[in-house]
Amino acid sequence: MKRKSVFLWFVAWLIFVNGSLLASERAEIYFNPVRVAPTPSSLPLSLEITNLSAIPIAEVRVLYRLEDESRFRLRRMRNDGFVYTTVLEFKNPGSNIVEYYFDIIYADASHDFYPEGGPSANLLRTALPQVANYSNAIVVISPEEEEQIFARDVVITASFTRIADKIDVDKTKLYLDTWDLSRYVKKYDDFITFSPRQVPTGRHTIRLELYDRNARLVASREWSFTALQSYQTLRETEGFRFHGRLFSEFRREGLQNNLFVNDYNQGGLTFSGQSGAFEFGGRMYLSNQEYSNRQPVNRFSGYGKLNFWNGRYLFLRAGDAFPRYHPYILQNIFLRGIQGSMFLKFLNIDVAYGDTRRAVEGTEYTYTNPITGETSTRIIGGTYRRKILALRTSFGDRKTMDFGFTFLNARDDTSSIQYGSNPEENVVFGSDLFLSLDRNRFILDGSVSASLYNSNISGGSIPFDTLVATGQLDESLRKTYDFATQFITVNEYLILQPSLAYHGRVRLRYFNNYLSFLYESVDQGYHSLGQPYMLRDNRGFHISDRINLMNRQVFLVLGFRNYHNNLQKSKAATTTNQNIYVNLSYFPRGNLPEIVVGYNNYSRTNGLTAEDTTLAIRPEDNQTNSFNFHTAYQFQLFNQINRLGIDLMTYNRTDQINQYAESNSNYFGVNWLVRYRIPLQTNVEFRYQQTKTGEGTEYASSLDMVTFGAGIQYSFRRLFTEDQLFLRLYGRFSDLTNQTYSLGQVNIKYKRNYLAARMTYSLKNLGTLSVLGNWIMYRGDREYDDFIYSARLEINF
């Protein structure tokens, strides 16, 4: 039965790697892999999740990074029925490959990862399209690069006379920082201009994007300036400026023919304002899923920021935050407390203090042995309240240089609950360096940190006199003992030898090459309670090179990773993971198809053989080879913009230890998108997947999946006034056949049909009303329906 469960896990793993369906005990996850992003600076993602458990999903996040980066960034996804969506945005990406995975968080604080294993598994990868960018053909007139100008005098003007014949000016995009100003820009044949009413003081970035009539990016340019505050500007901004958004949403889930019915009522408020050099804002989120015996779901926060000259500021936030101070010390963790910053460039100080876990009481119950009839008292441990204090001091403007020191102390409050087990404590100190030279063509960054970890502080520190009396310490160490106990509990569970985590990385951008070399190491005993998503007992290197060819139309990416564990020689064998990948992308300047071809080899071995069964560690010796091909062509047909995409993927896993774990999978997909001259858009998609696992063994299986999907959306504009009505209907129909397990003759055959409808009505400057309905129908060996419907009202002020 153990082998059979392992085999079933591999079948599920194969399905989700190829973008179909992942069925686990808690959720059914559907993700259509995006091989190429629609633009060089953004990647929209959509994840469909059917919750099969009685515990609701609290939050879904995507953690992502560019291929040459070591640390992940985090973005929360928006919930639309069964679907969670977000858009990843990139500013001047150094690599054209994005790596990412999804983190599904339930209300009981448990996690599911997609792909399974999170950052330690094969990550999802998407190419960012690269175009022959005529950025030098854009002439900046005002404000000039790095110009300092009074805020009331800002006028944005740029010309593009040399490439005017290639440009469709109606598709021009202009951004000021994160604000899209495109609809307000005055557009002419060979230049654009925009005069804002008010620009906040401080440093700002302008981005101009020019497109051709087929909506292909032709040229883009980005430049920065600083808005200064004159006496007249100060007089004009003494008035109170304030805006925000209020929302309320009702959502009902009926799963498995209403066997599980979940109602979600939530509401929230976000606001921000400014008065002169002072900015402020806040956020409040309330949900009916907030319970005292779970980790917090509601969110509260407020901030204030006092701006000084040339980007310097003081910042204070109270409430909920996600501070990021150091990749191995404090990152991607929820904190409820206070966060403050002083950014002066020559000296910067960051402080965070608060709780990362809420106290949840355990339970005591009486257990009766069904055989002997004897009774005993048993305890299910709860969760201690965990407090964290983090300090970071750094020097530099964080653009060309940043040198910092970070300290963290995390401790479970042993008095916060009565029934618990193994409260923890942790002290970490580290340093990090970032250095950018030669206009960001030479970048060096690295960090080193040391941690002390105590796995059980329930009894407190052992008195110094006791340690002296038992010969464990000398009397001369009393001052050292007194100093140490100010930061960490000293007892038999304290690991006295500090554990280390460090990394170093060099990035070079010369001669049409973007070369990156990363070396990192995390000891097995290294712990930071401020960075829970970290793979410990891991050391290795990653080298990659992106080569730009044919005037930035062809991009060749080569990479090699090699990592191993057992750094402290505490395991019976050392496991080595090795990854070789090649990716060739062709993004033509003219109206030709884009092409992406990729190969990936992943191997994992620990040097043991199938006969080594007496050891505590399982023998491993497997290799996975995958090949993917993508092409897409954008063209005009009957005066409509069409985009036709084709995806092919083959996946093969060989295992020298367990033949039943070997597998082979092939995937084929076609997507056809049409944008009409009227505000209408349609798309049709087809996917076929065939998977075989464990061929030639008693656990052999096969799976065929055929999926057809179609969608239509239309926008009505100016129905009554400055308003818009958006309608969308989408359907996906899947047929799973011939899924047969030879062991036990288990046959599964069913259809999965998915329908989604959405209506959104928005009124300019006022708000939006959205109504959404999702329906999933299972027919065959599965015979039930799931549905979600929701209504959401947003009011702007």
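1. Which residues lie nearest the centre of the largest cavity? They are Asp-80, Glu-249, Arg-758, Ser-790 and Arg-792, among 12 residues that line this cavity. A cavity is a set of points on a 1 Å grid over the protein atoms alone where a 1.4 Å probe fits but cannot get out, and lining residues have an atom within 4 Å of a point.

2. The model is predicted: local features need pLDDT of at least 70, side-chain atom pairs count only at pLDDT 80 or more, and totals for chains, interfaces and linings use all residues. Residues are numbered from 1 along each chain as its sequence is written, and side-chain values use heavy atoms, with hydrogens and water left out.

3. The largest cavity has a volume of about 70 Å³, a volume being the space filled by probe spheres set on the points, which are joined across faces, edges and corners. Strands S6 (78-80), S46 (767-780) and S47 (784-796) each give two or more residues to its lining. Strands are DSSP runs (E, at least two residues), numbered from the N terminus.

4. Strands S13 (156-159) and S17 (191-194) are joined by 4 bridges, and Ile-156 is opposite Phe-194 in S17.

5. Another open sheet, of 5 strands, runs S12-S19-S18-S14-S15 with mixed pairing. Strands S12 (147-150) and S15 (179-180) each have a single partner strand, so one side of each has no neighbour in the sheet. Within this sheet, S14 (173-176) and S18 (202-211) pair antiparallel over 4 bridges, and Leu-176 has Ile-206 in S18 as its bridge partner.

How values were computed:
Two strands pair if DSSP finds at least two bridges between them. On a 1 Å grid over the protein atoms alone, a cavity is a set of points where a 1.4 Å probe fits but cannot get out, and a pocket is an open set with protein on both sides within 12 Å along at least five of seven lines; lining residues have an atom within 4 Å of a point.
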